[in-house]
Amino acid sequence: MAATATLVGALACQRNSFLAEGFETTVLKCEKTKEDKIFEVQLQDTILFPEGGGQPSDLGELVVDSNDRKVSVFGVERRGLQAIHRVNEFVEPGTSVKVTVDWQRRFDFMQQHTGQHLVSAILDQWELPTLSWCMGGVPTYKNPTPGPTELFNYIEIGRKLTADEISKLSHICHEHITVNPQKVTVVENQKDDEACENDQADINMSKIPDDYDVAKGVVRTIHIGDMDANPCCGTHLTSTAQIGSIFISPNQGAVRGTNSRIYFMCGYRVLKYTTFANALLGQMKSLLSCSEPTIVEKVSYQLESAQKTTKREQYWKKKIATVDASTAFNALKEHGKCYYSQDEFGSLDYLTLVHKEIESKITHSKLRDYVAVISGREKATNSGALIVVSDSADKIASVTSKLQEICPTLKGGGGKKGGKWQGKVVSFKGQIWENLNDYLSENFKKVA
Ligand SMILES: [Zn+2]
């Protein structure tokens with residue numbers, strides 16, 4: 001009789017989630033897919049868990065017994081009742097292979113997943129059923145090593161928890177990790193198994209995926225001690241003690257009206273996050289020359305102080321711009337052309353202030369036949385800006401073409417009917433700034 005594949009629900013990884021390597025089985029099928037160099041393998045049984053129950057799929061290897069050839073498995077999916085392994089090479093059906101799991105990845109998933117069951121079980125006792133949950137920090141092709149702040153999972157419940165409830169939740173979780181660990185057990189039930197009917201009575205069967213054929217498959221119920229029982233196909237720890245640690249963030253997320261997301265992480269992730277947070281605090285301490293408890297106070301003071309400085313700077317900029325514009329306007333009245341040049345902090349916003357003041361004076365006095373160049377450089381970035389003002393479009397065109405000859409990175413526009421032309425200089429490299437000022441001083445009256 002031909003061998004048949006073990007159904008999802010009764011896979012070796014589901015029966016013993018601590019099988020990590022050396023599991024022997026036989027390849028039943030290996031089919032080429034429409035995708036280039038991708039094959040789908042069906043094994044007689046497997047220790048690689050296919051995606052399900054909120055837990056992502058395992059990664060691992062098939063080691064061909066006869067020649068030690070290693071075939072990497074980059075994904076396992078559940079198709080109905082079958083586990084399909086995705087690989088890059090053809091493996092002859094009938095070949096016997098040893099299966100190995102990427103254990104670090106799997107153990108992390110088991111810590112998060114069992115941690116979720118524990119947090120949900122406690123919340124359930126508070127009559128806050130878990131509406132959904134999502135495992136964060138899952139490595140992907142695009143993001144193979146998620147950062148410490150991406151390691152949070154969440155559980156969605158019907159309302160926000162108070163700060164006291166979060167603290168109590170953390171406390172109870174830690175009791176079940178340390179002094180009062182709960183056994184995590186799995187009950188396997190065939191649908192027609194009468195002995196299990198009572199056990200199933202208060203289990204929420206709606207959590208089983210629609211495409212899982214309950215009549216033919218195996219329903220698994222995960223028990224967290226006597227606290228909780230839930231149908232779940234995932235791989236779990238054998239005791240809540242193995243979760244190691246749970247960090248529940250005091251920051252919740254509001255979703256769907258009054259619902260709330262409770263963010264948490266378990267196991268080694270807590271260590272990663274703590275190490276990151278500790279290093280961050282250390283850097284802040286050193287930057288601000290203070291101790292941890294005074295960081296917030298110090299940063300608040302710095303922000304307030306920066307706001308005051310900005311306000312003060314705006315005030316003086318406007319005041320000085322008025323004086324500069326007044327001098328420029330007088331030169332314009334007398335000579336018909338002038339230039340204003342601001343080095344060091346000659347940013348576009350300052351030049352614009354000067355321009356606005358000049359323009360208002362020109363409009364007011366009905367001045368005719370004039371051309372002014374306002375230029376600035378910001379030394380820190382060696383970039384800058386130029387504004388050309390005239391009532392003649394021809395004058396603007398001829399001056400800007402000369403300026404662009406001197407500053408090759410000058411780009412701008414406007415003033416086609418007279419008025420204002422404005423441009424930016426990406427870089428004043430070499431002697432460009434000096435050459436620009438030489439040209440301006442030879443052809444225009446200098447202001448300031
Ligand atoms: Zn589960």
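This is a predicted model: local features need pLDDT of at least 70, side-chain atom pairs count only at pLDDT 80 or more; totals for chains, interfaces and linings use all residues.
Visitor: What span does α2 reach from its first C-alpha to its last?

Guide: The expected span is 1.5 Å times one less than the number of residues. Helix α2 (residues 103-125) has 23 residues and reaches 33 Å, close to the 33 Å expected.

Visitor: At what angle do α2 and α3 pack?

Guide: Axes are lines fitted to C-alpha atoms, for helices over the stretch in contact, and angles run from 0 to 180 degrees between N-to-C directions. For α2 and helix α3 (residues 163-177) the angle is about 125°, with the axes 10 Å apart. Angles under 35 degrees count as roughly parallel, over 145 as roughly antiparallel, 65 to 115 as roughly perpendicular and the rest as oblique, and α2 and α3 are therefore oblique to each other.

Visitor: Which residues of α2 and α3 meet?

Guide: Contact takes C-beta atoms, placed from the backbone, within 7 Å. Leu-118, Val-119 and Ile-122 of α2 meet Leu-169, Ile-172, Cys-173 and His-176 of α3.

Visitor: How far apart are the C-alpha centres of domain 2 and domain 3?

Guide: Domain bounds come from an automatic or database assignment, giving domain 2 (106-284) and domain 3 (306-447), among others. Their C-alpha centres lie 63 Å apart.

Notes: Residues are numbered from 1 along each chain as its sequence is written. Helices (H or I, at least four residues) and strands (E, at least two) are DSSP runs, numbered from the N terminus. Two residues are in contact if their C-beta atoms, placed from the backbone, lie within 7 Å.
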